Each structure stands twice: as structure tokens, then as C-alpha cells.
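Please look over the sequence and the model before reading my points. I have kept each point to one topic.

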There are 2 protein chains.
Amino acid sequence: MVGGGQLARMTAPAAVPLGLGFRVLAARPDDAAAQVVPGTVVADEKVLADLRDFAAGCDVLTFDHEHVPTAHLRSLEADGFAVRPGPDALVHAQDKGVMRERLAAAGLPCPRWRHVDDPAEVCRVAAGLGWPVVLKTVRGGYDGKGVWVARSAEDAVLAEPFRAGVAVLAEELVDFRRELSAVVARSPHGQAVAYPVVESVQADGICVEVLAPAPGLPADRAAEAQRIALSVAAELGVVGVLAVELFEARDGRLLVNELAMRPHNTGHWTIDGAVTSQFENHLRAVLDLPLGDPRARDPYTVMVNVLGGDLAETYPSYRHLLARDPGLRVHWYGKQVRPGRKVGHVTVCGEDLYDLRERASHAARYLQGDIDE
Amino acid sequence: MVGGGQLARMTAPAAVPLGLGFRVLAARPDDAAAQVVPGTVVADEKVLADLRDFAAGCDVLTFDHEHVPTAHLRSLEADGFAVRPGPDALVHAQDKGVMRERLAAAGLPCPRWRHVDDPAEVCRVAAGLGWPVVLKTVRGGYDGKGVWVARSAEDAVLAEPFRAGVAVLAEELVDFRRELSAVVARSPHGQAVAYPVVESVQADGICVEVLAPAPGLPADRAAEAQRIALSVAAELGVVGVLAVELFEARDGRLLVNELAMRPHNTGHWTIDGAVTSQFENHLRAVLDLPLGDPRARDPYTVMVNVLGGDLAETYPSYRHLLARDPGLRVHWYGKQVRPGRKVGHVTVCGEDLYDLRERASHAARYLQGDIDE
């Protein structure tokens, strides 16, 4: 796995029972995954020779993010390495313009959108879509980074991406009830499984809480979201986990917002809450092993991200919390605590959604130092 | 953790989400745990200097077996290292004579037993208990090794331990309905949790299948087994996981057979079947972190050991099996397959015990090469 972040870190424990050799290419020896994976290679994932050396020791190459240059991945494929997901699929998670064009061509539902080169073009788009308009950098955005809402021509003029000279697209601001996520896994020979569709509760563009399954989502709507995700996976030839983030619009539409081709934050609940976790199914998929049962084990599972807060030293509050709630599942990413940084998550499983949300959000806030009891 | 076997290997994934640094002392660089734990120290656990060097890099020392000499552990404690469980507790899992004396003194129920020095003494014991008599080496036995049934004076004369000159005890052969196991975890300040009592199905003295909870065990009998295990843990000052293997005698008694002070084969079901696994609770206990919920997540969980069979290469059957049963949980120990060696286990969770046993035992037999479909 290229990338030493928390996704690689959480993939490592899934490889152990499967009996798989699992290695990581990390940027730094203290990266989240490097702490727990033997033989981690510290190298530069932007350097083709480094990637090639790493790949030479692996049967299959996969990724904990989408930042490896597409050209490098094509070179590796040309050299005969198994790259999963492959560059032709992965580019759709790297480039929002390519993704929108491809999904539109396949008849998959997206917000209305256009490439825009300057603020004047944003105004022309707004004449059709109406203000506000969402501006996104075509490459490099995640967790709310690279997204701006322009409410007027003045906003568009001031928007950072135009000042930075990067490629931009403009989208309608969807009036949505909530954000959903449909996580699927797909193997090279086309087997696929779909996890229950979840609600992703966001704050400032960052997923803070996941409710699995999405409460009150009608069965036909959930099936539609799963069908969209499975269609995207098949259409794009995805191998591994694909997360399709969707808007549930107030007018009834389900619209694709973003794609991620790797285990995803909206699937972290599956470690404790599903028969087979997204991390295990990602490994099974990229190795073309049969996929595991994606079903939920309890009526509800709630996951809340833990962000770095005021507490530089979380161990005392960690101890208190484990004593307070013996059923709480805590997942630390081995990262230095910095304000706003995702440093872990907590999960609880059970029947009473109200109670589960209280427990999980209390735990996260307590670990963040936002509350003191 | 001293020892690089499958117990250390299965402890490693539990340390990751807890955010703990986990290191292993292994005899060989390809030991089960060494394959998955970074920074594994290859050294000799029988050499005090090796143990001391390893301990110097750790906050707490714990074990994946009971074979470290008691004297070494006392030296490490005298040097100020935290040894958990400590030598005063661990000796009861190392020396069956010490264990029997201590449990008898504490009024805990055991089979009737005596130290015996020679076959003549066995005959004197048999005059009281009746033939057959069980002979056990006081030290070094596990998985049916070090246990003989003497049905006559002739058997006693031929018994290996007398010929080898090692210390031996004689016990009544308990007429039991089945074998049970009560697994508990206890922390230094005395917090303890008890897992559901399981049935351990044995063949040739080796646990082959675990049914959790033990089917048809009345609630008061289960509570009695848990009370016995919690009493043993408290009485002996155990820190970490303690497995108490019990006979459910036909005359109604629950009798302590063996003790293990580490995660135990009869607790492997907890990885997939309990809210908190025995491996996680062992780590929490030895670090004096609050213990996690030991409850089962499903009405039944069945675990079956996979023994090395005729199949030198298990990958093809592994693939078939994953395709056949997407809900099956497979755990490989990363060991070379040798006939009769425990090389992994499989677990299934659900409601229908008959169905679960069929699925788990089919899977194990198929992986062993005992059946071909």
C-alpha cells in the first residue's frame, strides 16, 4: 500500500488473519502506518524509481490516497506491475472534471456543472444555475479543501483557485436534506459487494459523524444509492473499495458528489459494525480473493471522528473514557494531536440510535478536550 | 510480549486501534508474530540478559506462553520491570503441583490428586481413587502433552514421566459430560471481567472446537464457573487474561482442570464474537487500562481450529472457501503447515448453532484437506 496514513494503518490489522504479507511505502518513518507495519519502506511516492523499487517486492500495489501521479501509475502498469485500482479508474478520483464527464456520459446522476476558466465564466454559469455556485478545484481537494461557495460575482472574483491559476469547475449548490455515502468493493473479475448506505454528518466540509445505516432511508432509496455506486465501480473498472458520496436532494434526487477509490472515512464503522470490514474487503478485492459479507451486525452503528483539540496529552481522558463506557471502540491513528486534525475515531454498535449518538459524540468531544466530564 | 507464536500475532492487531506500542521477543525472525510486528527482537527467552534487554524498551512485559523460567521473572521484577502476570501468579500456570495445592487451600474445586514419585505410589493412590488414574507431568505439559491415563499398575510402570525422571502427579479420572472454559481478564488494581463460559470440544487432548456460550448450560452453572475463574484470578493475583479449563462432571461438580495465564485457544472466538476480544482485554489489563465489555455479540459463536493436514499449499482451498461462505472469518497464523499443527482457526457467528457448527467444521476440514468439496 502506497501511503502511510491512517487508512494503511487500519488496513494492516485486516491483513494479519488473512495471512497476507502487507507492506507500506510511507513518506516518514513515524507515519501512522509505519508504526505498526514491519518492513515499511520510507520513500517518495512522487518519484517513479521509488515506486518501482517498492512495487518490485509486492504482488499487488494499492493506495491509501489518490495523490500518486497518474503517469507514474501508467508506467508501473506498462512495466507489468499489478496496480489496483489502475490509473484508468483512479484518475476519476483524482480529477473531478474527468469524473463528471464520465459519469454524465454513463447517465449517472450528478449536480449540473461546467468547467470555468475565470470569474466571468462563473457569472455566465450562474445565469443558468442561479447563485450561489459551488467552485471546486479539479485536482487535489479533499475534506472540504478545494471547495468554495460563491454567492455573487464578487465572491467569484475573490475565489482562491482563480488567483492560484488552477483548473476549476462550477456546480449547482444542491439543496440537500443530508449527505449519504455508498461504499462498495469490487474485484478484478467483477465480483462486487455493497455496504449498507450511511448518513455522513458534515461540519465545515468534514465528515464528523457516520450513522449506519442512514436512519429513515427508504429501502428503495438505499437500493438506488447502492446501484449508483455499483454502476460507478463497474463503469470505471474500479478494483478495491469505492466510496460514492451522494447528496440526498430535497427535490428527491440522489446526486453523486465525490468519489474515493480506497477505504473511506464513511466506511470506518465497518471495522466494528460489519461482518467484513472495508479494509479487509479492500485487500480481498485487490488480491482477487472472494469478497466478504458486507452486512451490518447490529441495527445501528455510529462512528464519530476524533479531531485534535486542546488536549496535547489524551491518555488521561482516554483512561477515563474506557472506564465510563466499556462498549466503546476507540481507534487511534498514532498521530500527533494538532487542532482540527483527524487523530482517531470512536464507534459504538447497538439498537438505540439516540443513545449511540450520545455515547459516540460524548466520547469524541471528551477526547478532544471540548468537555471535561 | 515474550514469545512470537500465534497468541502474540493475534495480540498485535488489538494494539493498533488502542494506540499502543507493541513489541515482541521471538525465537526466530519468521515466527508467527515476527511477521506482523515491527521491531521484533529475535532473542532467547531462556537467557536473562536477553529478557532484560528486551524489557528495557518496554513499559510492561507480558507473555504469549508460560515457558519463561520463574527465576528470570523474579530477577526482572527485582530490577524494577513491570512483569504481568507476575512470577508469583504465573508459577501456578507453570507448575501443576503448586497450582493444585494453592487451589485446594483456597477451597476451589479440583479433581482429587496426589504427588507421586514412582509407579508403586500410583498403585497406592489408585487404591483410594480407583483405576484408571490420570498421570500428569508437573511442568511443561500443554495440548494433551504430558498427560497419560494409567488403567493398571502395568500402565503406571510403563508411563513415560517416570522413565524420564520428572515430577508427576496423579489425579482421579473425572467422569465428565464435557469440558468448559471460563476466560476472565483482571487488571493490577483488581478490576475483572468474565467472558461467557464456553464448551471446549476436545480430540486427543487438543481443543478442536469451541461453542460460545456452552449450549444448554444453566445460568447458575455458568455463573458458578465464572465465579470460580474470578476467584482463581483474585486468589493468585493474576494480571491479564486467565483461562480456567473445567470439567463439567456427570455427578454435577465443576472441577478445575488446567489454568493458562495468557490469551487462550478457548477465547479465540472473542475476536469476532465479543464486543472486546480477549487479546484487547489482555493488553488493557496488563497496562492497567479499564477493561472492555466481554459480552457476546450474537446468540452463538463457533470456532474450529485448523490443523496442518495433507495440503501443503492451502491457498487454492482458501479461495474456494471464501467464495463458498462470505460470512466465514478465517485466521491464519503464518505457520508452515505440518500434520497436526495448529495453523489457524475459523469462526462463524449467528443464531443457528447446528448451522454454525456445520459451516465452521466444514471450513476447517476443507482447509486441512480432509474433504475435497
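Predicted model: local features only at pLDDT ≥ 70, side-chain atom pairs only at ≥ 80, totals over all residues.

1. Residues are numbered from 1 along each chain as its sequence is written, and chains are lettered from A in the order in which they are written.

2. In chain A, the axes (lines fitted to C-alpha atoms over the stretch in contact, with angles from 0 to 180 degrees between N-to-C directions) of helix α3 (residues 70–78) and helix α4 (residues 87–94) come within 10 Å and cross at roughly 170°. Helices here are DSSP runs of H or I with at least four residues, and strands are runs of E with at least two, numbered from the N terminus. The two helices α3(A) and α4(A) are therefore roughly antiparallel (an angle over 145 degrees) to each other.

3. In chain B, nine of the nine residues of helix α11 (residues 278–286) are buried (20 or more other C-beta atoms within 10 Å of their own, with C-beta atoms placed from the backbone), so α11(B) is largely enclosed by the rest of the structure. Among the elements that cover these buried residues are α1 (6–18) and β7 (176–186) of chain B. After α11(B) comes Asp288(B), whose phi is positive, near 55°.

4. The contact (C-beta atoms, placed from the backbone, within 7 Å) takes 26 residues from chain B and 26 residues from chain A. On the side of chain B that touches chain A, the largest share, six residues, comes from α1(B).

Key. Parallel < 35°, antiparallel > 145°, perpendicular 65-115°, else oblique. Buried ≥ 20, exposed ≤ 12 C-beta atoms within 10 Å, placed from the backbone. Contact = placed C-beta atoms within 7 Å.
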